[in-house]
Amino acid sequence: MPLTLLILTLALSSAIALDNGLGLIPPMGWNTWCTLGKCGRDYCDAKEVMSVADAMAENGMRDLGWKYINLDDCWADHRDSNGNIVADPKRFPDGIAEVVKYVKSKRFKFGLYTDAGEYTCSTGGRHYKIPGSYGHYEQDAQTYATWGVEYVKMDWCNTKINGTQLDPKVQYAQMSKALNATGKPIFFNSCEWGVESPWEWMSMYANSWRSGPDHADDWKSTAAIIEHNAGLSKYAGPGGWNDPDFLMTGGQGCLLDENKRCPGMTDVEYKTEFVMWCILAAPLLVATDVRNLTDIQKQALFNDELIAVNQDKMGHQGDRIGNFNCSSKMGDCQIWAKNLTGNATALALYNAGDETHNITFDFALLPGWKSKSIHFRDLWEKKDVGDFQHSFTAENVASHGVAVYKLTVASK
């Protein structure tokens, strides 16, 4: 897609959007999903959550924009005699409100998980099912608001009620209305896994929507998600974002499975994951342990120049503008671009193939720039590369790797 068309479609996107004043830039934060190798077990407790808040405040993540501390399907337990949702008393002995209070004292925002159906997706290691929000949307929304929750994710499990399948367009609209009725600023994330093409309609109800299936800590999953999000840029913008799912930067989600490599991806692949999520203007919610940072976590999660690309206030989601063959594999060399404020562009030269390649970017892909001298700054290395005309070649881009740059018209 030529960049002029990309910009036009982005400008026209989200014409009908949820008007709650939230999500003007993609959210950034942490989620409990895979911390401590318990990926898929949905474990969390008050001590863990507060320790993560402590770590993110002390290690500098919060000040870089990582502001949300979100609990996934791990915290709820049952409903009381009045139908109020109650947190697991063993994991949260003082309740959720006290954890929210602590997290906010560290200058974070707090998020919770629920489900549109009768039960949530996971038992979280318990021997019984966890209640979803079906039949309690207004009641749960008010409870969350009373606790001080500022982010709600609603999943889509167990949505067949008495033999009848619920309609996501109805259920997400109802929860959206319930959250707005609280009068509190609550970011709303929908998670129906892209089944009903939510990018086409969910912006009326939610601030972000899962565009596809769960992201696993392996390259096959990451590559599929990148490919799936090509062409979706016209549906995203300030107030409403395509959500490719959590960042798995650094791994750890596979510690319980001796048959899997751990971490699940290489550092090259984690770099590509983070770069492409930034180009996609995706929510940046890391789901691995940030209390004991690995080198790749430090390189990615603390890269302020890439974070600036993701958080750029113009609110453009990047898209693929070039897709060609460097070998016998179809589309193994790709060029992605994201328009930025200040007449700048973020450019990712992505090698989806299984061999190292040189990837050449022809300036003709950026209309109006073909005859200009363009300045390249390497955003991963944080250093200027130089001024170029007509084309630029990134040499020796590793298999599954990416080279990423900020482009501006060179000064005379």
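Me: What makes strand β5 (residues 109-115) largely enclosed by the rest of the structure?
Reply: Happy to explain, and keep in mind that this is a predicted model. Buried means under 20% relative accessible area. Six of the seven residues of β5 are buried, so the strand is largely enclosed.

Me: How do you know that β5 pairs with strand β2 (residues 68-70)?
Reply: Two strands pair if there are at least two bridges between them. Three bridges join β2 to β5, and these strands run parallel.

Me: Why are helix α2 and helix α4 called roughly parallel?
Reply: Compare the angle with the cut-off. Angles under 35 degrees count as roughly parallel. Helix α2 (residues 46-58) and helix α4 (residues 95-105) pack at about 10 degrees, with their axes 9 Å apart, and they are therefore roughly parallel to each other. The α2 side of this contact is A46, V49, M50, A53 and D54, while α4 brings V99, Y102 and V103.

Me: What makes a group of residues a nonpolar core, and how many residues has the largest one?
Reply: The residues must be buried, of nonpolar kinds such as Leu, Phe or Trp, and joined through side-chain atoms within 4.5 Å. The largest core here has 97 residues, and those with the most contacts inside it include W66, W75, F110 and F274. Helix α8 (residues 267-279) gives the largest share, seven residues. Apart from this core lies another of 19 residues, W369 and Y405 among them.

Me: Which residues does F110 touch?
Reply: Contact means heavy atoms within 4.5 Å. Leaving aside neighbours within four places in sequence, F110 is in contact with residues including V49, L71, I96, V103 and Y151.

Me: Why do β13 and β18 stand at the edges of their sheet?
Reply: Follow the order of this open, antiparallel sheet of six strands: β13-β14-β15-β20-β17-β18. β13 (319-324) and β18 (383-389) each have a single partner strand, so one side of each is left without a neighbour in the sheet. From one strand to the next, the twist averages 25 degrees.

Me: How do you know that β13 and strand β14 (residues 333-340) pair?
Reply: The requirement is at least two bridges, and five join β13 to β14. N323, for example, stands opposite Q334 in β14.

How values were computed:
Residues are numbered from 1 along each chain as its sequence is written. This is a predicted model: local features need pLDDT of at least 70, side-chain atom pairs count only at pLDDT 80 or more; totals for chains, interfaces and linings use all residues. Side-chain values use heavy atoms; hydrogens and water are left out. Buried means under 20% relative accessible area, exposed over 50%, partly exposed in between (1.4 Å probe, protein chains only). Helices (H or I, at least four residues) and strands (E, at least two) are DSSP runs, numbered from the N terminus. Axes are lines fitted to C-alpha atoms, for helices over the stretch in contact, and angles run from 0 to 180 degrees between N-to-C directions. Angles under 35 degrees count as roughly parallel, over 145 as roughly antiparallel, 65 to 115 as roughly perpendicular and the rest as oblique.
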